Amino acid sequence: MDFNGRSGEMSVFATVAQEGSLSAAARALGLTPSAVSRIIARTEQRLGTRLLLCTTRAITFTAEGEAYLRGARRILADMAEVEEAIADQGVPKGRLRVSAALGHGRQTIVPLVAAFSARYPNIVVDLTLGDEVVDILGGQADVAIRFGHLPDSPLTARRIGDTGQVVVASPEYLQRHGVPQEPEDLLRHNCLRFNFRRAEPNWPFIRDGREFSLKVSGNIECSSGEALAQLARVGAGIARIGEFTVAEDLRRGDLVPLLEAWNPGDQEPIHAVFVGGSAMPARVRLFVDFLLEHHRM
């Protein structure tokens with residue numbers, strides 16, 4: 001690397017901050033401590049202010065040094081992103097960090113990641129499954145798969161599918177407690193519910209063309225659709241879950257759909273969310289396009 005230009009000076013300064021000393025930064029950069037010191041001094045002379053104070057024990061940054069460090073890190077990150085995006089146009093490569101909900105990720109995204117990796121073997125897919133919302137702008141993921149309507153944000157979102165909801169219970173539970181014939185019968189049943197913030201407290205239904213909601217109750221709440229499906233399978237109660245979560249259970253007969261005549265047919269959108277723009281790496285664009293082509297819900 002050429003350390004004579006401004007980007008080189010910024011790189012040296014950021015490395016000093018990261019390593020904690022001039023000598024450690026010199027080793028990381030393949031320079032001598034005196035060369036690092038000269039570059040810092042040249043930067044300070046050009047800016048007309050002190051950026052850091054060195055003692056035998058540690059270095060400390062002045063207020064101007066802290067401001068310069070923040071700007072330098074941002075500029076260096078932008079430069080790396082632009083160069084990475086341009087380099088990706090040939091043979092897409094690099095690490096792609098993907099975040100998906102646990103249940104949907106295991107059932108739908110994992111098989112798609114396997115197929116995507118077979119097509120683009122030089123891209124390393126770093127897949128994280130969990131129900132927490134990751135900070136994409138903060139760099140925790142490149143692409144996140146999110147359910148429901150999205151709040152306004154500077155992120156780009158592409159709708160890759162939709163999923164409906166179905167009320168289900170196990171044959172064993174229904175044999176013990178009876179089959180609800182209309183929505184109000186649920187008030188006498190143990191209803192298994194989600195406990196996360198965006199979960200609706202009431203279950204929606206439709207009668208004579210009009211939608212209405214019913215406040216159900218039960219003694220188990222959970223953040224995972226897969227866990228609610230498992231609880232329903234073992235007879236713990238009645239659940240209202242995304243169709244993709246219980247599709248296999250319904251086919252096998254482990255769960256039975258209930259109150260279908262009152263199902264409002266509401267659809268929950270599924271989006272791929274990412275940082276868009278001209279500097280978007282090719283691997284992100286390719287993965288989102290792959291989801292749009294192959295995601296089925």
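Predicted model: local features only at pLDDT ≥ 70, side-chain atom pairs only at ≥ 80, totals over all residues.

Me: Which residue forms a salt bridge with Asp142?
Reply: That would be Arg97, and the closest N and O atoms are 2.9 Å apart. This pair links distant parts of the chain, 45 residues apart: Arg97 is in strand 3 (residues 94-100), and Asp142 is in the loop between strand 4 (123-129) and strand 5 (143-147). Helices (H or I, at least four residues) and strands (E, at least two) are DSSP runs, numbered from the N terminus.

Me: Is Asp142 buried or exposed?
Reply: Asp142 counts as buried because its relative accessibility is 16%. Arg97 is partly exposed, with a relative accessible area of 27%. Buried means under 20% relative accessible area, exposed means over 50%, and partly exposed is in between (1.4 Å probe, protein chains only).

Me: And which residue does Glu226 pair with in a salt bridge?
Reply: Glu226 pairs with Arg106, with 3.1 Å between the closest N and O atoms. Here the link runs from helix 7 (residues 225-233), which holds Glu226, to helix 5 (residues 102-119), which holds Arg106, and the two residues are 120 apart in the chain. Glu226 is buried, at a relative accessible area of 18%.

Me: What about Asp266?
Reply: Its side chain meets that of Arg240 in a salt bridge (2.8 Å, N to O). Asp266 is partly exposed, at 27% relative accessible area, whereas Arg240 counts as buried at 11%.

Me: Which residues are linked in a network of salt bridges?
Reply: Arg233, Asp249, Arg252 and Asp254 are.

Me: Switching to helices. How do you describe two packed ones?
Reply: By the angle between their axes and the distance between the axes. Helix 7 and helix 8 (residues 243-252) pack at about 30 degrees, with axes 9 Å apart. So helix 7 is roughly parallel to helix 8. Angles under 35 degrees count as roughly parallel, over 145 as roughly antiparallel, 65 to 115 as roughly perpendicular and the rest as oblique. Axes are lines fitted to C-alpha atoms, for helices over the stretch in contact, and angles run from 0 to 180 degrees between N-to-C directions.

Me: Which residues make that contact?
Reply: Helix 7 brings Gly225, Glu226, Ala229 and Arg233, and helix 8 brings Thr245, Val246 and Asp249. Contact means heavy atoms within 4.5 Å.

Me: Which residues of helix 8 are buried?
Reply: Phe244, Thr245, Val246 and Asp249 are buried there. The buried residues of helix 8 pack against helix 5, strand 5, strand 6 (156-169), helix 7 and strand 11.

Me: And what comes just after helix 8?
Reply: Gly253, which takes a positive phi of about 90 degrees.

Me: Last one: where does Ala58 lie?
Reply: In the loop between strand 1 (52-54) and strand 2 (59-61). Ala58 counts as partly exposed, at 36% relative accessibility.

Note on methods: Residues numbered from 1 in each chain as written. Heavy atoms only, no water. Salt bridge = Lys/Arg side-chain N within 4 Å of Asp/Glu carboxyl O.
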